[in-house]
Amino acid sequence: MEHVIIGVDPHKLSATIEVVNRHEQMLGSGRFTTDRAGYAGMRAYAKKWPDRVWAVEGSNGTGRPLAQRLLEDGEQVVDVPAKLAARVRLFDTGHNRKTDAHDAHAVAAVAVRTKTLRVLQLDGELEALRMLTDRREALTRRRVQTVDRLQALLAELLPGQAKRDITTAQAKGMLASVRPRDIAGKTRRRIAAEELAELIAVEAKIKKATAELKAIVLARGSRLMDLPGVGPVVAARVLADVGDVTRFADRNRFASWTGTAPLDASSGEQNRHRLSRAGNRRMNHMIHIAAISQIRLNTDGRAYYLRKRAEGKKSLEAIRCLKRRISDAIYRQLLEDAQQAALQSDGTGPGGHCRASQESSAADLPLLIDTSDQPLPGPADKTLRQTG
C-alpha cells in the first residue's frame, strides 16, 4: 500500500488537489467545489489511496475551513506555509506565475521534501478560544471607531468641551446638557445618541467576551494570568496561537516566532542588533501590551526597564529588552502548564500535553518565518512520517 501526499490549493469556493508519491510522481489530480457535494466527491476520489496525508496550504487562513472538515472526518492533515509553496513553485518552474494546478503541485512537493511540517490535530476548545479572541479584537476595533464618531459629533455640539478619553457616563452627561433647536443640531444630537447606544452595546459585548475568555483559559489549567501584565485577553491569544508549546525546541526559537529576538546587524568590528519585524505579529502585540502594563505598575518588569534605561538604552530599546524577557517567561509558564497537565491526565490532548509533541493544534500558526535571525524558528523533532 503506497503512501501518498495530497497537495491542496484551497479557495473559498473550490479546491485543487494533486496526489503524489514519495518520489513526487503525480498519481492523480482534480478540482472540486467546497460545497457538500464537492467535498464528498473529493474525499471519495482520495479513498483510492488508503495511506494518505493531506497537505493544505495556509491552514490558518484560507485553508482553515477545509483543514477543519478533514480533521473532523478523521483525516491526517499537515500545514504547508504559503511562503514554502511559493519557493518550490519558483525553483521548479523558473517563474512565479500562479495557477491552481501549479500551486497544488508545489504544496505536495513541500510536504514530500519538508520534514518539519506541523501535523494538525482537532481541538474544539482551542478553536473556540481562537474565535472568541478574534471576535473580541473585532469588537475592540468597532469600539474605537464608534468612539471616534461620537467624539466628532460631541465636538460640534459642544465646541471646546470635547474629551480625549471619553466614557459612556461622560457622553451621556454632555448630551443631556445640550438641546439644539435647529434641524441640523437636532439631527446631530440624534445621531450622537445612536452612536452612544451602540458604544454601550459594544462595551457590554466586550465585557462578556472577556469573561468567556477568562473562563476557558482557567478551564484549560493555564497559569499564564499569574504573570504580571498578562490578563485574560493576552493569555487567550497566547494559547490560541501557540497551541502545543512542545513544538518549540527552546526559548530562543519561541522568541524568534514571537518576533522578540533581535536580528543580528553586525558589520566588521561593529556589533549591533536591529528590531525584528518577522514572526507572529499578533503575539508580538500581546507581549507589547504585557510589557507596557508591567512598566506602568510596580513590578519586576518596571525595575528591569529602569535598569536598562540607566545603562543608556533608549526607551524603545529598553522595551524590546523587556519584551524578550516576557517572551521567555511565557515560554517557561507554558512548559510548566504542559508538564502539570501531563501529570494530571493520561490523555494526549493538544495545547499543553507533553504526549502531544508530534501533533499541533489546528489553531497553531506557521512556525517558519522569513528572517536571518539566529536561532531560526521552527518546531522541534516534528517529522512527517512517510512509508512506501
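Biologist: Which residue of β3 is the bridge partner of E18?
Modeller: That's S29. Bear in mind that this is a predicted model, where local features need pLDDT of at least 70 and side-chain atom pairs count only at pLDDT 80 or more, while totals for chains, interfaces and linings use all residues. Residues are numbered from 1 along each chain as its sequence is written, and side-chain values use heavy atoms, with hydrogens and water left out.

Biologist: What makes β2 and β3 pair?
Modeller: Strands are DSSP runs (E, at least two residues), just as helices are (H or I, at least four), numbered from the N terminus. Two strands pair if DSSP finds at least two bridges between them. β2 (residues 14-20) and β3 (residues 26-33) have 7, in the antiparallel sense, so they pair. In their hairpin, with 5 residues between the strands, E24 takes a positive phi near 65°.

Biologist: Which residues of α10 are called buried, and why?
Modeller: Buried means under 20% relative accessible area, exposed over 50%, partly exposed in between (1.4 Å probe, protein chains only). M283, N284, M286, I287, A290, A291, Q294 and I295 are the buried ones. They pack against α5, α8, α9, α11 and α12.

Biologist: How much of the chain counts as buried?
Modeller: 48% of its 388 residues.

Conventions: Contact means heavy atoms within 4.5 Å.
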